[in-house]
Amino acid sequence: MSTRLRWAVFGVVLVVLAALPQFVADTFVNRMSEILWVAVAALGLALVTGYNGQISLGHGAFVGFGAYTTMVLTVDYGVPFAVAGLAAVAGAFVVGVAVGLPALRITGVYLALVTLGLAVLFPQIVVRLGEITGGTVGRQLLPRPGYGDTALLEELGQRRYLAQAGFRAPAWTGLADDQWRFYVFGVLALVAFMLVRNLTRSRVGRSLVAIRDNETAAEVAGVRVDQAKVITFGVSAGIASLGGWMFAVLNNAVSPTSFTITLSITLLVAAVLGGAASIVGPLVGASVVVLLREVIPAEQQRFSQVVFGVVLIIVMLVAPGGIVGLYRRAEASLRRRWLASRQSGPGRTGDAVDQDQDLPTPLQEA
Amino acid sequence: MALLEVEGIGVRFGGVVALDGLTFDIAEHEICALIGPNGAGKTTLFNVVSRLYDPDEGSLRFAGTDLLALPAHAIAGMGIARTFQNLALVPGLTVLENVMIGAHARTNGGFWGCSLGLPVRSSERRTRDDAMSLLSDLGLAAVAQRPAAGLPYGTLKRIELARALAARPRLLMLDEPASGLTHGEVAELGATIRRLRDEFELTVLLVEHHMGMVMSISEHVVVMEFGRKIADGVPTEVAEDPAVIAAYLGTPS
């Protein structure tokens, strides 16, 4: 597709998605919101694993960090949701950098194992910090009886109060909560995807891929390899944490069972399935993962991981570039055929086929 | 004044002495060839200058600056660019993007700036145009949008050369640029190196086994054997040096 056509399709999709919540049931709207948080979290993973080559099997922990930070700040400290979101992203960036530093010394399978440890550890830490996190049962973001009574709580010497009851649509919008949530998610996802898209197409993005493919080449070209890797890990964790904020806002509850190794694997499947080194890849992958779970009957849910596993194997064998990679290959072969037919046609000279800026390139997003 | 001053550089890997007190100077704007049998330590010296290896002894100055005080990523910014004997391209990027990587040290923009996009757009365009003109200059314009993998070996070597030039270096280090090239390509490469030297006001340090090319394009030849320098001078002088002849042909026993 030419760049202009691509933007046109993008615009139409955006308008359709914006209009959709007016016409469909709230469960469907919530499903789309779920796709969005999974997509944002998978985007974070795609940046560090797909583009930068640092394999992380622990990004579910950063999503959990974002969700719990949001819950604690809004419920216990009365912080507005927007501020809690910023804090969740900034906090996860710091944690991500802290994890990224030792990651400089280890790569490949070893890094995968260490991050796997992170994923396993996170629910354990949450359970240990039961005072704050609510332990194994987790906590709600909605008011509990008596919690609204600030005076009483202060009398009891507790600093617990509730500034807001969940993430509600402001009255001026005239929207239902689920619709408002979807729009907010949509804007956040759009901003996150656009920022990462710009990044991957810049000198920094090129240096990240160079580090992935050939660290020495990157270093000799003047790339500060260590710095880039650590910051990428931090940024990636921050994006995943934004996904965690969205999770908390969507579900109004957090519990350790939501952020186990299963989530980390699900994110990896979403990123790889869509195409880990592409921008729309995580969104495509997240849609497939969420909808795939949807078609599996409720009583068979425990088999969803098996289905993911099988799908992942098939994708890796058939299309290592994921769904987006498959699309690009198909587009390239169609283009070649089209060019060939045009060239052999009457009245065309060979030089008419100039260097087309739109030939699929490894870093060009569909 | 010498542009690069190599003085008493020694590198040991365990018990193996790769470089043993190597000393020589390269004058600005000359083409200097570093030759010697395999294992003489030529590539090791390249890696020392690139700061990929830490020498055990000796000093290394570039335009008066102590290179050994700098980290590897700062070398490109000093004006030193290189190619690799076994190619070090980035297959996940296009040919054009690979060349743009070469300009990394000359451009600005961190994570934030690049994510927001707008402030760096004009510099990005300049980098792209510059890389494209380098590719055209080296006859690579047709492959600019192709991934930098699966292309003919000679093409890949020229892409690496374009990437090194994108850094606008003062010193260009070429590690066996003629290896794997056909006879015709070698002759063309020799002419290209001389032309680039004049056009970009380069100083060239060249590791090469192809003696025809070395003798025809270089003004200065340093001969190494077992990590030591055995001859240093103009090509005609070096070619007649008994030590050099012995190193290449062996001594009659």
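In chain B, 68% of the contacts between residues at least 6 apart in sequence join residues at least 24 apart; two residues are in contact if their C-beta atoms, placed from the backbone, lie within 7 Å. The model is predicted, so local features need pLDDT of at least 70 and side-chain atom pairs count only at pLDDT 80 or more, while totals for chains, interfaces and linings use all residues. Residues are numbered from 1 along each chain as its sequence is written, and chains are lettered from A in the order in which they are written.

Chain B has 10 helices and 10 strands, which are DSSP runs (helices H or I, at least four residues; strands E, at least two) numbered from the N terminus. Its C-alpha trace spans about 70 × 40 × 35 Å along the principal axes. Of the 253 residues in chain B, 45% are buried, a residue being buried if 20 or more other C-beta atoms lie within 10 Å of its own.

The largest nonpolar core holds 176 residues. Such a core is a set of buried Ala, Val, Leu, Ile, Met, Phe, Trp, Tyr and Cys residues joined through C-beta atoms within 7 Å. Val40(A) and Ala42(A) touch the most other members. Beyond residues up to four places away in sequence, Val40(A) touches Ala189(A), Ala192(A), Ile239(A), Leu242(A), Gly243(A) and Met246(A).

Where the two chains meet, chain A gives 31 residues and chain B gives 35 residues. On the side of chain A that touches chain B, helices H8 (177-200), H9 (203-213), H10 (215-220) and H11 (225-251) each supply at least two residues. The largest share, nine residues, comes from H9(A).

Methods. Buried ≥ 20, exposed ≤ 12 C-beta atoms within 10 Å, placed from the backbone.
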